[in-house]
Amino acid sequence: MKILLIEDDLDLGNGVRIALTEQGMEVVWVRTLDDARRSLERDGCDLVLLDLGLPDGDGLTLLGQLRRNKVQGDSSGSLPVLILSARDTLDDRLAGLDGGADDYLVKPFVLAELLSRVRALARRSYGYDGETIDVRGLVLHAPTRRVSVAGRTVELTASEYSLLKMLMMRTDRVLTRRVLEEQTLPGSQTNASNTLDVHMANLRRKIGEGYIRTVRGIGYVIDQQAPGGAA
Ligand code: CA
């Protein structure tokens, strides 16, 4: 679980960063909207923690851009966003939630509550709370990047792991070739399609057939339930 923390308060930002990192989450901490956009375009993330009062503008602006697909790195427009703000009136909270935020936590908050809300949001968005995903015996443990099939460890390259993780975090949703290429094979612009095919073939060979389903002409999906009940 990679979290983009957008927060200009140094003490609070540092506290949140440490707390999330201790939970095995990867945290990228930026202090401005500009840096947030750059980070999203360059590396993407799985979940955003968004302060509203930032040195170069209002966090709601970025939220609006994310929901209108105006920020590269989130082609789906559905990146989970949790607002962290001292603005505590009902109108403030409604502005955040109507603006497309998934949750809103008023400062000051207790770190335990933040962690609990991050996990809940991750589960709602990905069916996954930041640590282990299990799909029919195919298990991915994010803190150790360990993947196993029926208890047997599988060695994956970094690209294969990224592809598998993205598919497992969004089971039952077809991911397009373009999204997979953009998010998991950065820098492979030339001949990216062929690169994706090669990685996918290697991944299938390693984890076995029956997990990754090709949706012809569109992309790939991992089904939570095996088609026809077969394993
Ligand atoms: Ca602030």
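This is a predicted model: local features need pLDDT of at least 70, side-chain atom pairs count only at pLDDT 80 or more; totals for chains, interfaces and linings use all residues.
## Helix 5 and its buried side

Helix 5 is formed by residues 111-126, 16 residues in total, and it extends 22 Å from its first C-alpha to its last, close to the 22 Å expected at 1.5 Å a residue. The buried residues of this helix are L114, L115, V118, R119, L121, A122, S125 and Y126. They lie on the same side of helix 5, because the arc they cover around the axis is only 165°.

The opposite face, turned away from the buried side of helix 5, carries the exposed residues A112 and R124.

## Overall architecture

The protein contains 8 helices and 14 strands. Its division is into domain 1, covering residues 2-126, and domain 2, covering residues 132-222. The C-alpha centres of domain 1 and domain 2 are 26 Å apart.

The C-alpha trace of the protein spans about 50 × 35 × 30 Å along its principal axes. The radius of gyration is 18 Å, which agrees with the value near 17 Å that a compact globule of 231 residues would have. Of the 231 residues, 47% are buried. Among contacts between residues at least 6 apart in sequence, 58% join residues at least 24 apart.

## Strand 1 and residue L5

L5 is located in strand 1, which comprises residues 2-6. L5 counts as buried because its relative accessibility is 0%, the cut-off for burial being under 20%. Beyond its neighbours within four places in sequence, L5 is in contact with G13, V16, R17, V27, V28, W29, V30, L49 and L84.

The C-alpha atoms of L5 and D51 are 8.3 Å apart in space, although the two residues are separated by 46 residues in sequence. D51 is itself buried, with a relative accessible area of 4%.

## The calcium site

D51 is also one of the protein donors of the calcium ion. The donors are D8 (OD), D51 (OD) and G53 (O), and they lie 2.2 to 2.4 Å from the ion. Along the chain, these donors follow the spacing D-x42-D-x1-G.

## Helix 2 and its surroundings

Helix 2 consists of residues 33-43, and its buried residues are L33, A36, R37, S39 and L40. Seen down the axis of helix 2, these residues fall within an arc of 165°, so they line one face of the helix.

The buried residues of helix 2 pack against strand 1, strand 2 (26-30), strand 4 (53-54), strand 5 (57-58) and helix 3 (59-67). After helix 2 comes G44, which has a positive phi, near 65°.

S162 counts as partly exposed because its relative accessibility is 26%. The C-alpha atoms of S162 and R145 are separated by 9.7 Å, and the two residues are 17 residues apart along the chain.

Methods:
Residues are numbered from 1 along each chain as its sequence is written. Side-chain values use heavy atoms; hydrogens and water are left out. Helices (H or I, at least four residues) and strands (E, at least two) are DSSP runs, numbered from the N terminus. Buried means under 20% relative accessible area, exposed over 50%, partly exposed in between (1.4 Å probe, protein chains only). Contact means heavy atoms within 4.5 Å. Donors are N, O and S atoms within 2.8 Å of the metal (3.2 Å for Na, K and Ca); water is not among the atoms, so sites may look incomplete. The expected span of a helix is 1.5 Å times one less than its number of residues. The arc is that of the directions from the helix axis to the C-beta atoms. Domain bounds come from an automatic or database domain assignment. The radius of gyration is taken over C-alpha atoms; the globule rule is 2.2 Å times the number of residues to the power 0.38.
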